[in-house]
Amino acid sequence: LTIVVSITDVNEFPPAFNAGDNQQDVNVAEDSQTVGTYAATDNDGTADLTYSIDSGQDNGLFSINEDTGALTFTNAVDFEDTPCGANEDSNTCTVVIKVSDGDANNDDTLTIVVSITDVNDELPTFTSSATPSKDENIQDVLTLTSTDADDGDSATYAVRTAAQDPTSVDAALF
């Protein structure tokens with residue numbers, strides 16, 4: 001008599017994020033969508049892991065690839081107009097992601113705190129007139145002012161030479 005015994009795998013181990021703790025802090029430059037990939041492991045050799053957005057103050061701003069754990073912003077964020085935080089005025093976004101192996105009692109979560117970093121992505125704009133009309137024998141021609149939408153940026157002014165800009169034929173007079 002031959003007896004064949006088949007052993008079936010049972011889901012006995014919970015999945016766990018490889019982060020080593022319950023929170024990951026990451027910096028993401030403004031205008032980017034990629035946050036990072038958060039992989040988990042499961043000691044059940046046949047576990048099929050699924051990733052999802054669990055909760056978090058800013059969870060609606062994020063998407064996650066359910067197969068790989070790749071976390072992204074749904075839309076690129078702007079440092080000067082970040083929609084994060086309770087009042088949508090913070091450069092720090094918080095989202096909680098979850099990994100599941102099919103048994104809700106085994107789910108693991110990881111809090112991701114994303115700090116949006118500033119990038120010099122805005123051009124300065126003149127706010128004063130650049131076509132003055134002056135009487136002769138006056139040295140002061142005009143005072144130029146400008147704005148820059150990037151937080152903390154300041155402007156530096158210079159007269160462009162004819163070599164830098166062919167239309168600046170009188171640069172040597174200024």
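Predicted model: local features only at pLDDT ≥ 70, side-chain atom pairs only at ≥ 80, totals over all residues.
The protein chain has zero helices and 11 strands. Its pattern along the sequence is therefore β-β-β-β-β-β-β-β-β-β-β, under the run lengths set for helices and strands. The radius of gyration of the protein chain is 28 Å. The globule rule gives 16 Å for 174 residues. The value for the chain is well over that figure, so the chain is more spread out than a compact globule. The box filled by the C-alpha atoms tells of the extents along the principal axes: roughly 115 × 35 × 20 Å.

Burial and contacts were computed over the protein chain. Of its 174 residues, 23% count as buried. The accessible surface comes to about 11,700 Å². Carbon and sulfur atoms account for 46% of that surface. Contacts between residues at least 6 apart in sequence were also examined. Of these, 60% join residues at least 24 apart.

The pairings of β9 show both senses. With β2, the pairing is parallel and spans seven bridges. Q23 stands opposite T111 in β9. Q24 has I112 as its bridge partner in β9. With β8, β9 runs antiparallel, and eight bridges join the two strands. Here T92 stands opposite S115 in β9.

The other sheet is open and has three strands, in the order β3-β7-β6. Its pairing is antiparallel. The edge strands are β3 (34–37) and β6 (62–64), and each pairs on one side only. Neighbouring strands of this sheet are turned by 15 degrees against each other on average, direction ignored. β6 and β7 (residues 70–73) run antiparallel and are joined by three bridges. Across this pair, F62 stands opposite F73 in β7.

A search of the whole structure finds one disulfide. The bond joins C84 to C93, with an S to S distance of 1.6 Å. This distance meets the disulfide criterion because the cut-off for a pair of cysteine sulfur atoms is within 2.5 Å. A disulfide is a covalent bond between the sulfur atoms of two cysteines. C84 has 0% relative accessibility and counts as buried. C93 likewise counts as buried, at 0% relative accessibility. Both values fall in the buried class because that class covers residues under 20% relative accessible area.

D31 lies in the loop between β2 (23–29) and β3. Its phi is positive, about 75 degrees, although D31 is not a glycine. D31 is partly exposed, with a relative accessible area of 44%.

E88 also has a positive phi, near 55 degrees, in a residue other than glycine. E88 is found in the loop between β7 and β8 (92–100). At 55% relative accessibility, E88 counts as exposed. The class follows because exposed means over 50% relative accessible area.

A104 is in the loop between β8 and β9 (108–117). A104 is exposed, and its relative accessible area is 61%. A104 and A155 are 51 residues apart along the chain. Their C-alpha atoms are separated by 56 Å.

How values were computed. Residues numbered from 1 in each chain as written. Heavy atoms only, no water. Pairing = 2+ DSSP bridges. Helix = DSSP H or I, 4+ residues; strand = E, 2+ residues; numbered from the N terminus. Axes fitted to C-alpha atoms, helices over the stretch in contact; angles between N-to-C directions. Buried < 20%, exposed > 50% of the residue type's maximum accessible area, 1.4 Å probe, protein only. Rg over C-alpha atoms; globule rule 2.2 N^0.38 Å. Contact = heavy atoms within 4.5 Å. Areas by Shrake-Rupley, 256 points an atom, 1.4 Å probe, with all protein chains shown as cover.
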